[in-house]
Amino acid sequence: MAYSARVNNYWRGGKDNFASDRKAAEQALKAFPALPEAIRAGQAFRRRAARYLVSEAGIRQFLDLGTGLPTGDTIYQIAESLAPGCRAVYVDNDPMVLTHARALLGGSCAYVDADLRDVGAVLAETGRTLDLAQPVAVILSSVLHLIPDADDPYGIVGRLMNAAVPGSALVIVHPASDIRPEASAGMAASLNQLMAQKRTYRGHAGVSRFFSGLELADPGVVRVPDWRPDNEMEASAPTMAWCGVARKSAHAGQAPG
Ligand SMILES: C[S@@+](CC[C@H](N)C(=O)[O-])C[C@H]1O[C@@H](n2cnc3c(N)ncnc32)[C@H](O)[C@@H]1O
């Protein structure tokens, strides 16, 4: 069976993957050959999102759920380079990510080996490193599509954001069912046969629903290259994912969940 952290690692040119992961990754590339450029577009989004979180939102704490294998450019790592003194908690449930976790741990970081669906345990562990009385950026980048509707992904996000104080932020990148419908249907069909975790690609309305009760930063839920691109090259990158960044305001109601 293939695992998403290692398939993702292969797409990014890494070496921490097995034959089963490479087979699944190659199948997906057949359905969406522009995937390497789309991954670079995701890296550019992380830089822009980190800049927004640090400079506009004034956030210094990061909870990165479904972190993946180390890449050297997590939102926290970029934020730390912009504003030294940030803190982060990384959460993943893949044992291989755990074995590489040391590479994630510079500065004031902790790694939690947990399933993000266990929100209570995740928050309890997070509270050992982050001050939950201060704003936190909750990051769910390319992981919610691995949580099927039956596992209540909206309730999970709602409980996470209910625990965050006003001023906190939610960052989501989510593979789309409706940006390149043929490519996503092809990817889902091949990957769901080969991968341990099945994927649920969601449409614009489904991804927007994760931000219920929060204030979306401009330009809202958009294709990844359309979120505040720095230049024409970034804006014209291919993508198959929606993204958005939102803040919890002082008068936010309790999200369902
Ligand atoms: C596609 S990778 C995304 C990695 C990184 N966040 C990114 O944007 O490139 C998905 C990651 O989420 C992790 N993951 C999947 N389901 C999870 C769960 N229920 N709890 C915690 N981590 C999970 C996988 O192990 C994998 O490392």
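By class, how many nonpolar, polar and charged residues does the shell around the ligand have?

Mentor: Ground rules before the tour. This is a predicted model, where local features need pLDDT of at least 70 and side-chain atom pairs count only at pLDDT 80 or more, while totals for chains, interfaces and linings use all residues. Residues are numbered from 1 along each chain as its sequence is written, and side-chain values use heavy atoms, with hydrogens and water left out.

Now your count: the shell has six nonpolar, nine polar and five charged residues. Here Ala, Val, Leu, Ile, Met, Phe, Trp, Tyr, Cys and Pro count as nonpolar, Asp, Glu, Lys and Arg as charged, and the others, Gly among them, as polar. There are 20 residues around the ligand, each with a heavy atom within 4 Å of it. Gly-66, Asp-92, Asp-115, Leu-116 and Ser-141 come nearest. Helix α1 (residues 4–11) gives the largest share of the shell, three residues; helices here are DSSP runs of H or I, at least four residues, numbered from the N terminus.

Next, the polar contacts, meaning pairs of N or O atoms within 3.5 Å. Gly-66 puts a backbone N or O atom 2.7 Å from a ligand nitrogen. Ligand oxygens come in too: one is 3.1 Å from a polar side-chain atom of Arg-12, and one is 3.2 Å from a side-chain N or O atom of Asn-8. As for cover, the ligand on its own has 600 Å² of accessible area (Shrake-Rupley method, 1.4 Å probe), and the protein covers 95% of that.

Note on methods. Polar contact = N/O pair within 3.5 Å; in protein donor to acceptor, adjacent residues only side chain to side chain. Helix = DSSP H or I, 4+ residues; strand = E, 2+ residues; numbered from the N terminus.
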